[in-house]
Amino acid sequence: MTIPTDPTITPASDRTLLLHFGEDHSPEIQEAVFQLSHYLLNNSMEGILNIHPGYRSVMVTVDVEKKSIQAVQKNLQQVLKNARAMELPEPSVVDIPVLYGGQHGPDINKVAEHTGLSTEKVIALHSSGDFQVSFIGFTPGFPYISGMDEKLATPRLQNPRKRVPAGSIGIAGNQTGIYPSSTPGGWNLIGRTPLHIFDIQHPEKALLKMGDRITFKPITESEFERWQQT
Amino acid sequence: MSITVLKAGTQTIVQDLGRPGFAHLGISVSGAADAFSFRIGNQLVDNDPNTAALEITLTGGAYEFGSNAVIVITGSTFDAAIDGQPIGNWKGYNIEKDQCLQINSSRDGARCYVCVQGGFDVTPLLASRSTHLMTGLGGFGGRTLRKGDMLELGHASESQCAKMNNVNEIQGQLNRNKIRVTKGLEGDWFNDDTWNSFLKNQFTVSQAFSRMGIRLEGNVIESSKGNEILTQGVPLGAVQVPGNGQPIISFVEHQTTGGYPRIANVISADLCKVGQLKPGDRFQFALVSMAEAEQLYAEQMKIIHNLKAS
């Protein structure tokens, strides 16, 4: 695997650098973002405090009291070479059991209406897709998941909910996501998983990591309850 | 060794310098909103720089001390007293067992810090005692202090408080009439006229001001290239411009990634001023170069280091 293009490295502020791999939506760019992120996370580099992966970019926060932004920028050139040569670990494949519709997926009819599909078809499309975690961002443990069938694309709610239960599965535009904790949210809720995908006390045990492949498996109400008890 | 909350303030939370290293999991750094005043406070009572203190916003409350302690208040000037005896900022005080520290309203900016020698001994989460209010994590139960809460204090070194001869210089660092920025990642999305308007006119801090972000009101800032970028990392202090053209400054509890274009970014040396902004404040942005920004932060750090030496 090689990084197709060298990223541009631009200061985003006087303490952050953005490494941007270009505007294309290609698997090569996704791979490059994974490689660089993995490399930076597994090889602690003096002067870097935080790593913010995105769809086509990685932003790093510099510890400016330890190292100048210029010095880090210079070191990143070598890091990019090393990352380019890095073999990515085989992605985990994670099955996410989902109880679709009903009280746990109150917007499934809205999605059906908007897309012109039956609710059965919405479930069938959502649960047959091959998804991948592009990165974790926004709030603690929130996975940005790519790969949803564009037929399911539905705009966000006009009025976001004040509280979305943890484990809710949502659709916003052509993205799908899982709420790791109970937060306000504006995505269309189509179902809910009984799994705890993220525990802030043990972030290293997060169910989903960058690069993981995901499949959603429809389950029944009684299965949902059984999962919850385990 | 503890203190008890007799009366809660608007938003009193336990803070340290934050929780770096977890942005890739969606966890922003948090930490003191005005890290400059926070650091000086710890310096004055001879604590390590990252020792947990109380961050007080707008109004302070009342706190009874269960043991003798050495305290200092830094940041904005609030009406503060020990058992009715007024006390000032930037100066160490001995407080005795059963005495009460009262902190009323601010006479100045949004926040002050109560640093106690030995610090506040809450259980660290991911190596930090900082409260992340938006997600309810860390600090004291992940929340604002309430009446009746009891907080343990750490071991005090019993050393002398440092003296400060440069209060004016320090207060100058907190003057929030002007907030300096560097050009943002999407700075080119805004044409010259928009930039002129952005720098010439004042902005007002709206009621929507939190540790996550500060919404501003003023002349509409219009992007010439759209209102959305593909989700990517958000830097601390990013001046984001959503579709309504009213900028939002991303602050210490900001979301780790986002999609608004960023016209500018507050320089590190002026993040302490952002931490002091309160609703109704009016200020102007000023553009500086990256090199100037780095220089200004180095100078600010020097003020803290010189304090150590004195």
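A: A helix is here a DSSP run of H or I with at least four residues, and helices are numbered from the N terminus. The model under discussion is predicted.

Q: Then in which helix is Glu292(B) found?
A: Glu292(B) belongs to helix 5 of chain B.

Q: Is Glu292(B) buried, exposed or partly exposed?
A: Glu292(B) is partly exposed, because 15 other C-beta atoms lie within 10 Å. A residue counts as buried with 20 or more such atoms and as exposed with 12 or fewer, so a value in between gives the label partly exposed.

Q: And what separates Glu292(B) from Asp188(B)?
A: These two residues are 104 residues apart along the chain, and their C-alpha atoms are separated by 20 Å.

Q: Let us stay with helix 5. What does helix 5 of chain B give to the side that touches chain A?
A: Helix 5 of chain B gives five residues, the most to that side. The contact as a whole takes 31 residues from chain B and 33 residues from chain A.

Q: Which elements give two or more residues to the chain B side?
A: They are strand 15 (232-233) and helix 5 (290-309) of chain B.

Q: How do the residues on that side divide by class?
A: The side of chain B that touches chain A has 16 nonpolar residues, 14 polar residues and one charged residue.

Q: New topic: sheets. What is the strand order in the open sheet of five strands?
A: In chain B the order is 2-3-10-5-8, and the pairing is antiparallel. Strand 2 (11-15) and strand 8 (92-95) of chain B are the edge strands, each pairing on one side only. From one strand to the next, the twist averages 25 degrees.

Q: How many bridges join strand 2 to strand 3 of chain B?
A: Five bridges join strand 2 of chain B to strand 3 (residues 53-57) of chain B, and the two run antiparallel. As one example, Gln11(B) has Thr57(B) in strand 3 of chain B as its bridge partner.

Q: Which strands does helix 1 of chain B lie across?
A: Helix 1 (residues 35-44) of chain B lies across strand 2, strand 3, strand 5 (69-75), strand 8 and strand 10 (111-116) of chain B. Relative to strand 5 of chain B, helix 1 of chain B runs at about 155 degrees.

Q: What about the open sheet of six strands, what is its order?
A: The six strands, also in chain B, follow the order 7-6-9-4-1-11 with antiparallel pairing. Its edge strands are strand 7 (85-87) and strand 11 (150-152) of chain B. The twist averages 25 degrees from one strand to the next.

Q: Which bridge partners does Glu64(B) have in that sheet?
A: Glu64(B), in strand 4 of chain B, is the bridge partner of Thr4(B). In strand 9 of chain B, the partner of Glu64(B) is Cys100(B). Strand 1 (residues 2-7) and strand 4 (residues 59-65) of chain B pair over four bridges, while five bridges join strand 4 to strand 9 (residues 100-106) of chain B.

Q: And how many bridges pair strand 6 with strand 7 of chain B?
A: Strand 6 (residues 78-82) of chain B and strand 7 of chain B pair over three bridges, in the antiparallel sense. Within that pair, Ala81(B) has Pro86(B) as its bridge partner.

Q: What does Ile71(B) touch?
A: Leaving aside residues up to four places away in sequence, Ile71(B) touches Tyr93(B), Ile95(B), Leu101(B), Val114(B), Cys115(B) and Val116(B).

Q: Last topic: which domains does chain A have?
A: The assignment gives domain 1 (8-84) and domain 2 (93-229) in chain A. Their C-alpha centres lie 29 Å apart, and seven residues of domain 1 of chain A are in contact with five residues of domain 2 of chain A.

How values were computed: Residues are numbered from 1 along each chain as its sequence is written. Chains are lettered from A and ligands numbered from 1 in the order in which they are written. This is a predicted model: local features need pLDDT of at least 70, side-chain atom pairs count only at pLDDT 80 or more; totals for chains, interfaces and linings use all residues. Two residues are in contact if their C-beta atoms, placed from the backbone, lie within 7 Å. Domain bounds come from an automatic or database domain assignment. Ala, Val, Leu, Ile, Met, Phe, Trp, Tyr, Cys and Pro count as nonpolar, Asp, Glu, Lys and Arg as charged, and the others, Gly among them, as polar. Two strands pair if DSSP finds at least two bridges between them. Axes are lines fitted to C-alpha atoms, for helices over the stretch in contact, and angles run from 0 to 180 degrees between N-to-C directions.
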